[in-house]
Amino acid sequence: MRYADQTEKVKSVRYRAGNIGDLLKHSWLIEILSFLKKQQAKSPFYYADTFSGFDEYGIGEGQAERIRRHLSRSPLFKIQKRALSRDRYLGSVSIARKVLGPAARVEVFDRNPKALDCFRGSGIGTLKIKSGYDVLNKKKFYDLIFLDPYDDFLDDHETVLAQIFRKARDSSVFLFFPFRHFAQEKGVLRIIGQSGSRYMHGSIGRGDLLLDGVYRFAVFLFPAGHMDGKAYRHLTRKLDATTSMIQGLRASG
Ligand SMILES: C[S@@+](CC[C@H](N)C(=O)[O-])C[C@H]1O[C@@H](n2cnc3c(N)ncnc32)[C@H](O)[C@@H]1O
């Protein structure tokens with residue numbers, strides 16, 4: 001298929017579960033949650049996922065096969081294995097619950113009420129907010145807040161970033177977003193650099209056009225102010241290795 005024809009075909013699909021952006025963000029999510037959970041094993045873990053999406057999604061054969069073939073030794077595969085056998089792919093809330101276990105306090109929000117419906121009656125709390133970013137203005141402490149917006153994040157990212165810098169004084173904040181042009185990611189990096197905030201960063205270029213669509217993807221972790229230097233360096237190394245693993249997948253097709 002010509003590149004232009006492929007582009008037309010993928011334009012109609014905004015989100016393909018199991019795409020390379022999902023593999024990057026969910027692999028980061030697993031590493032971050034595992035690490036933070038170990039750090040504070042005593043009290044319950046407070047996790048907020050305010051662009052939660054659904055509990056699980058249908059996954060195409062191409063994506064499932066790629067995960068099985070290239071990520072079979074990864075923590076992500078271990079978590080997704082049973083879902084993949086049903087041609088499903090777990091979303092971030094289901095992944096987090098598997099990593100954190102039943103004792104964790106999980107709170108979600110999504111502006112799509114149908115997405116929220118699938119968590120009702122499962123011990124998961126629903127935040128009373130109007131937009132996923134509003135969690136950043138809450139006084140409550142979270143071990144991790146996960147923000148997973150669409151590329152419209154780039155329309156108002158200065159405001160959101162300022163809220164993240166403030167909230168990261170007490171709570172770690174994990175941000176993932178898709179982008180089209182390198183200048184967009186650079187603009188975000190410039191603001192973060194000027195803020196003097198600590199952060200971990202990874203990104204990945206376009207994957208396979210049909211499997212992954214036309215976006216590039218960026219991940220940022222803003223660790224809570226109380227994370228010490230040793231833990232910060234350790235987690236940075238883990239996340240860098242995770243990014244490289246997914247970048248390798250892109251090269252292997
Ligand atoms: C990329 S999907 C989430 C995927 C999910 N976090 C995962 O990793 O499995 C983005 C979700 O954000 C929701 N959304 C978009 N804008 C929002 C907003 N301003 N506040 C809350 N949710 C929003 C959409 O309805 C969609 O379900």
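Author: On a 1 Å grid over the protein atoms alone, a pocket is an open set of points where a 1.4 Å probe fits, with protein on both sides within 12 Å along at least five of seven lines; lining residues have an atom within 4 Å of a point. A volume is the space filled by probe spheres set on the points, which are joined across faces, edges and corners. This is a predicted model, in which local features need pLDDT of at least 70 and side-chain atom pairs pLDDT 80 or more, while totals for chains, interfaces and linings use all residues. Residues are numbered from 1 along each chain, and side-chain values use heavy atoms, without hydrogens and water.

Reader: What volume does the second largest pocket have?

Author: Its lining includes Leu36, Phe141 and His226. The second largest pocket has a volume of about 160 Å³.

Reader: How is H2 oriented relative to H5?

Author: Helices are DSSP runs of H or I with at least four residues, numbered from the N terminus. Axes are lines fitted to C-alpha atoms over the stretch in contact, with angles from 0 to 180 degrees between N-to-C directions. The axes of H2 (residues 20-39) and H5 (residues 92-100) come within 10 Å and cross at roughly 30 degrees. Angles under 35 degrees count as roughly parallel, so H2 is, relative to H5, roughly parallel.

Reader: Which residues of H4 make the contact with H3?

Author: The axes of H3 (residues 61-70) and H4 (residues 75-85) come within 11 Å. Contact means heavy atoms within 4.5 Å. Ala64, Ile67 and Arg68 of H3 meet, on H4, Phe77, Leu84 and Ser85.

How values were computed. Helix = DSSP H or I, 4+ residues; strand = E, 2+ residues; numbered from the N terminus. Parallel < 35°, antiparallel > 145°, perpendicular 65-115°, else oblique.
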